[in-house]
Amino acid sequence: MTAPVFVVDPGALDGVAAGGRWTLTGPEARHAASVQRLRAGEPIEVVDGVGTRLVGEVAPGSGPAAVEIEVTAVTSEPPASPRLVLVQALAKGDRDEMAVEAATELGVDAVRPWQSERSVVQWRGDKAAKGEQRWRAIVHAATKVARRSWLPELLPFVRGQALVDVVAEATGRGALVLVLHEVAAAPLVQVPVEGVPEIVVVVGPEGGLSDAEVEALAAVGGAPVLLGTHVLRSSTAGPAALAVLAARTGRWG
């Protein structure tokens, strides 16, 4: 049986060692006991979102409020390199959420929601906070499905031309910013990525990026790139680019 994975707050696993016991509490404990219906002797893993992974078995006497775990191993996994960031434009039909979910499963390290010029979906007022909360829940769930020990960071939502400042700051610290555009001349598979500490992928909504957006991002160091011969939906373009980059940078080596 593949051990289910549960995510706790950073630091929650500090000091835990093999041979001891540790107690899972809160919503994750209720999910383990009531939804997963884990029983004594079954395998379980707990990660803290920053690289620490606890491996163990459910101990006798566990209940919905507290799942006792007999710890068999505790490991620390370093962050992958280079850091991969997805800037995903808001898109209709939950396509942006589909992109975030797939990107998390593929290993993205951070995700930033962006309301671009052609985004039909608009995050304003309370809707922005609710949208970020929804994306955070998607990242959390996908992290568990993918059995990751690192929880991707949800970066602050930006609107319109505010992304230009974000990209300028990123390129200023040495990040490679790739702007996916269907008429770009440079193929993604040929862009040099060796030695880059961070790669940011910018994806437009269902209508694509406007010429003004591409020009503004390029002016501060963003590099327009062509993903492939076919135009992909907003839900698949980002994950496809991340898969290519993961393979090219050795993260999938």
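**Figure 1. Asp-94 is partly exposed, with a relative accessible area of 47%.** This is a predicted model. Asp-94 sits in the loop that links E6 to H2. Its phi is near 65°. That is a positive value in a residue other than glycine.

**Figure 2. Arg-147 also has a positive phi, near 60°.** Arg-147 is not a glycine either. The residue lies in the loop between H3 and strand E8 (153-154). Its relative accessible area is 28%, so Arg-147 counts as partly exposed, the class between 20% and 50%.

**Figure 3. A cis peptide bond joins Ser-81 to Pro-82.** Omega of this bond is near 0°. Pro-82 belongs to the loop between E5 and E6.

**Figure 4. An open sheet of five strands runs in the order E1-E3-E4-E5-E2.** Its pairing is mixed. Strand E1 (5-7) and strand E2 (21-25) form the edges. Each edge strand pairs on one side only. On average, neighbouring strands of the sheet are turned by 40° against each other, direction ignored. Helix H1 (residues 26-35) packs on this sheet. H1 touches E1, E2 and E5. The direction of H1 makes about 95° with that of E2.

**Figure 5. Strand E4 (residues 52-58) is largely enclosed by the rest of the structure, because five of its seven residues are buried.** Strand E3 (residues 43-47) pairs with E4 in the antiparallel sense. Five bridges hold this pairing. Within it, Glu-45 stands opposite Val-55 of E4. E3 and E4 form a hairpin, with four residues between the strands. Gly-49 lies in the turn and has a positive phi of about 80°.

**Figure 6. E4 also pairs with strand E5 (residues 66-76), over seven bridges.** The two strands run antiparallel. Gly-56 stands opposite Val-71 in E5. Glu-57 has Glu-70 of E5 as its bridge partner.

**Figure 7. Strand E6 (residues 83-89) is mostly covered.** Six of its seven residues are buried. E6 pairs with strand E11 (residues 198-203) in the parallel sense, over six bridges. Here Val-87 has Val-202 of E11 as its bridge partner. E6 is also joined to strand E7 (residues 110-115), by five bridges. E6 and E7 run parallel. Leu-86 stands opposite Val-111 in E7.

**Figure 8. E6, H2 and E7 build a β-α-β unit.** The unit is right-handed. On the way from E6 to H2, the loop between them holds Asp-94.

**Figure 9. Helix H2 (residues 95-106) packs against helix H3 (residues 126-145).** The helices meet at an angle of about 35°. Their axes lie 8 Å apart. The crossing is right-handed. H2 brings Asp-96, Glu-97, Val-100, Glu-101, Thr-104 and Glu-105 to the contact. H3 brings Arg-134, Trp-135, Ile-138, Val-139, Ala-142, Thr-143 and Val-145. The residues of this contact divide into six nonpolar, two polar and five charged.

Methods:
Residues numbered from 1 in each chain as written. Predicted model: local features only at pLDDT ≥ 70, side-chain atom pairs only at ≥ 80, totals over all residues. Heavy atoms only, no water. Buried < 20%, exposed > 50% of the residue type's maximum accessible area, 1.4 Å probe, protein only. Pairing = 2+ DSSP bridges. Axes fitted to C-alpha atoms, helices over the stretch in contact; angles between N-to-C directions. Left-handed = near helix turned anticlockwise from the far one by under 90°. Contact = heavy atoms within 4.5 Å. Nonpolar A, V, L, I, M, F, W, Y, C, P; charged D, E, K, R; others polar. Right-handed = clockwise from strand over helix to strand, strands pointing away.
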